[in-house]
Amino acid sequence: MKINKLSKKYWFSFFVIIVFDGVYSFVWPTGGNRILTISCVILGSVLCLSLVRFYLQETLEEYGLCLKNPHIQIICMLLITFTISFLTYYRGLAKEGTTLILTKSTLKHIGELFPVSFTILLLASVTYEEVLFRGFLLTFFQKLSGSSFLGVFISAIWFGLTHYSASGTPEEICGRVISAFILGIIYGYLRVKEPQKFTLFSLSIGHFLNDIIALALTAVLT
C-alpha cells in the first residue's frame, strides 16, 4: 500500500478529532445526561466541518457535504434504507406465526421508545457519526492511501469497532460490530460512488431511519 505524505495540518486535524471522539466515548455510555450528550455530538460535527473549511481550507463538498437537489438525495436514500431494512429483517418477518399488525397497544409501545429527547439525541448522534466516518475519516484515509477502496474499508472497520459493547452475549456483540461494519461499507461505497446523491445530508437521514426502523421492528417482533 502506498502511503502519501500529508501536511502537518491534516495530521493535527486528525489528532484533534480523534482526541475529541475519545473523550466523547466516555460521555455516551453514561446515557444519564442527554443534553450533555447532544451538545457533545453537535460540537463534534461542528468541529469536524470547521477544521475542514477554516483550518484545512478545503471545500465541504470534498468531504461529503452537499445540499444540491435534496429531494433527489432523500428519495435515493429512502430506497436504499428500506431495501436494507427489508433484507435485514425479512427472516424475522417471514417466520411462521409472525404477524406485523400495528394495533394501538403496539403503536403505543413503539411510541414509548422515541420520546422527543431520545429522538433528538439519535438524530444528532447519527449525524455526528456520518460527519466523522463518511466525512472526515473516509476522506483522510482516502488521501493518505490514494485509494477510495481503502478509505471506505478503513473507516468502515473503525465504525464497526466503535459499536463494540461488552453488554450482551458474544453472538450479540459480534453481530453489532459486523452489522456496523457492513453498514459502513455500504454507506462509504455510496458516498464515493455517487457523491451527489449520497451525501452527509442524505446518509444522516438514512442512518437515522435505519436505527428507528431497527428499534421499532425489534419492539414488534419481540
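This is a predicted model: local features need pLDDT of at least 70, side-chain atom pairs count only at pLDDT 80 or more; totals for chains, interfaces and linings use all residues.
At what angle do helix H2 and helix H5 pack, and how far apart are their axes?

**Stop 1**

Select residues 34–55 for H2 and residues 116–145 for H5. The packing angle is about 25°, and the axes lie 9 Å apart. An angle under 35 degrees counts as roughly parallel, so H2 is roughly parallel to H5. Now check the handedness. H2 passes H5 in a left-handed crossing.

**Stop 2: the contact between H2 and H5**

Show side chains on H2 first. Select Arg34, Thr37, Ile38, Val41, Ile42, Gly44, Ser45, Cys48, Leu49 and Val52. These residues meet a set in H5. On that side, select Ser117, Phe118, Ile120, Leu121, Ala124, Ser125, Thr127, Tyr128, Val131, Leu132 and Phe136. Colour the contact by class. You get 14 nonpolar, 6 polar and 1 charged residues.

**Stop 3: Lys143 and its two partners**

Next, the salt bridges. The count for the model is 3. Start with Lys143, which lies in helix H5. Lys143 forms a salt bridge with Glu58. The closest N and O atoms are 3.8 Å apart. Glu58 sits in the loop between H2 and helix H3 (70–94), so this pair ties together parts that are 85 residues apart in sequence.

Is Glu58 buried or exposed? Its relative accessibility is 13%, so Glu58 counts as buried.

**Stop 4: a pair within H5**

Move along to Arg134 and Glu130 in helix H5. Their side chains form a salt bridge, 2.7 Å from N to O. How many residues apart are they in the helix? The answer is 4, so about one helical turn separates Arg134 from Glu130.

**Stop 5: the network**

Finally, select Glu58, Glu62 and Lys143 together. Salt bridges that share partners join these residues into one network. Lys143 is in H5, while Glu58 is in the loop between H2 and H3.

Methods
Residues are numbered from 1 along each chain as its sequence is written. Side-chain values use heavy atoms; hydrogens and water are left out. Axes are lines fitted to C-alpha atoms, for helices over the stretch in contact, and angles run from 0 to 180 degrees between N-to-C directions. Helices (H or I, at least four residues) and strands (E, at least two) are DSSP runs, numbered from the N terminus. Angles under 35 degrees count as roughly parallel, over 145 as roughly antiparallel, 65 to 115 as roughly perpendicular and the rest as oblique. A crossing is left-handed if the near helix is turned anticlockwise from the far one by less than a right angle, and right-handed if clockwise. Contact means heavy atoms within 4.5 Å. Ala, Val, Leu, Ile, Met, Phe, Trp, Tyr, Cys and Pro count as nonpolar, Asp, Glu, Lys and Arg as charged, and the others, Gly among them, as polar. A salt bridge is a side-chain nitrogen of Lys or Arg within 4 Å of a carboxyl oxygen of Asp or Glu. Buried means under 20% relative accessible area, exposed over 50%, partly exposed in between (1.4 Å probe, protein chains only).
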